[in-house]
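Subject: Structure handover

Hello,

Here is the structure I promised to pass on. Please open it alongside this email.

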Amino acid sequence: MARRFSAPYQSEPVSSLATWARNLAVFAVVAVVVSIIIVRFDFLEMKPALATFFGGLAIAGLSILFGLAGFAAIWQNGSRGMARILLAFLIDGAILAYPAYQALLYRKLPHIYDITTDPINPPRFDALSRLRTGDGTNTAVYAGLYSAEQQRQFYPDIEPIELEIPVDRAYAIARQLVIKRKWTVIDEREPQPPRRMGRIEAVARTPIMGFREDISIRVVPDGDDSRVDIRSASRYFDSDLGSNAARVTKFIDDLNTAADADALKPAKKTPVTPPKAPAKTVKK
């Protein structure tokens with residue numbers, strides 16, 4: 001009986017729509033992975049790499065359409081291929097989930113790419129300015145009043161960092177945080193007389209695509225204390241989807257925590273050498 005039952009089912013053809021849905025999904029994931037590799041390792045310019053990436057997303061969307069059509073065909077004529085459709089949907093969902101989340105952020109967050117703790121006099125990009133002159137890159141000049149107003153509205157907690165430690169210690173702690181985050185340091189200048197202003201310029205990269213975002217940190221004395229300002233700006237695109245604000249906010253929190261811990265350290269006492277006892281004079 002089992003043989004008679006299974007034979008008709010096995011003789012049903014596999015839906016060509018289901019096969020197309022699976023093949024398109026596989027091709028889409030290959031295109032997306034290749035585009036990410038191209039961007040991260042600078043194999044090609046940005047535009048062809050992004051064209052490949054968005055082409056992969058479009059193919060994933062087409063795969064979903066083929067899968068839905070294949071599901072309807074299987075429901076109607078009883079052909080096989082449901083496993084291929086489910087596999088295609090799984091792959092397409094993995095490809096499209098994060099871009100869909102990014103698209104939601106694009107609609108929700110302000111279209112700015114330059115965040116700083118000091119919009120009036122933001123830290124400059126000196127060494128980094130030479131890296132922001134290519135085709136499609138954002139200028140090294142601060143984005144201006146519109147960006148400052150949008151930042152104030154959406155990220156009101158981003159303010160200058162006032163530390164109750166000397167400028168040399170503030171610079172050293174800021175540099176330690178840069179190294180800990182594995183940002184690529186492009187230029188650094190320790191606080192030197194007479195101005196005693198320190199500066200660090202570095203490059204961070206986004207987690208998946210590896211887009212470059214430039215950072216400038218300025219450390220200046222404020223009496224016996226110090227003040228630190230940071231600027232983080234995307235090198236490409238007119239919206240950073242909140243990445244620069246998140247980076248600056250986390251840096252502010254970590255710098256304040258590290259500075260508070262440093263201020264609580266007891267000062268190292270120089271050991272006092274006891275005076276030598278006078279040599280005894282032996283009377284003869």
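Below are notes on one helix and on the salt bridges. Please keep in mind that this is a predicted model.

**Helix α2**

Start with α2, which runs over residues 16–40. It has 25 residues. From first C-alpha to last it reaches 36 Å, close to the 36 Å expected at 1.5 Å a residue.

At the start of α2, S15 makes a contact to look at. A side-chain oxygen of S15 comes to within 3.3 Å of the backbone nitrogen of L17. Just after the helix, D42 has a positive phi of about 55 degrees.

Which elements do the buried residues of α2 pack against? They pack against α3 (46–77), α4 (82–108) and β4 (198–205). Among these buried residues are A18, A21, L24, A25 and A28. Further along, V32, I36 and V39 are also on the list.

There is a nonpolar patch on the surface too. V26, V29, V30, V33, V34, I37, F41, F43 and L44 form it. Together they have about 790 Å² of accessible area. Take V33 as an example. It is found in α2.

**Salt bridges**

How many salt bridges does a search of the whole structure find? It finds 19.

- D114 and R231: the closest N and O atoms are 2.9 Å apart. D114 lies in strand β1 and R231 in strand β6, so the pair ties together parts that are 117 residues apart in sequence. Both residues are buried.
- D126 and R199: their side chains meet at 3.9 Å, N to O. This pair links distant parts of the chain, 73 residues apart. D126 sits in the loop between β1 and α5, and R199 in strand β4. R199 has a relative accessible area of 4%, so it is buried, the cut-off being under 20%.
- R169 and D262: the closest N and O atoms are 2.7 Å apart. R169 is in helix α6 and D262 in helix α7, 93 residues apart. R169 is partly exposed at 31% relative accessibility, whereas D262 is buried at 15%.

One network is also present. Salt bridges that share partners join R124, D126, D187, R189 and R199.

Best wishes

Key
Residues numbered from 1 in each chain as written. Predicted model: local features only at pLDDT ≥ 70, side-chain atom pairs only at ≥ 80, totals over all residues. Heavy atoms only, no water. Helix = DSSP H or I, 4+ residues; strand = E, 2+ residues; numbered from the N terminus. Expected span 1.5 Å × (residues − 1). Buried < 20%, exposed > 50% of the residue type's maximum accessible area, 1.4 Å probe, protein only. Contact = heavy atoms within 4.5 Å. Polar contact = N/O pair within 3.5 Å; in protein donor to acceptor, adjacent residues only side chain to side chain. Patch = residues over 30% accessible without salt bridge, like charges linked within 9 Å, V, L, I, M, F, W, Y side chains within 5 Å. Areas by Shrake-Rupley, 256 points an atom, 1.4 Å probe, with all protein chains shown as cover. Salt bridge = Lys/Arg side-chain N within 4 Å of Asp/Glu carboxyl O.
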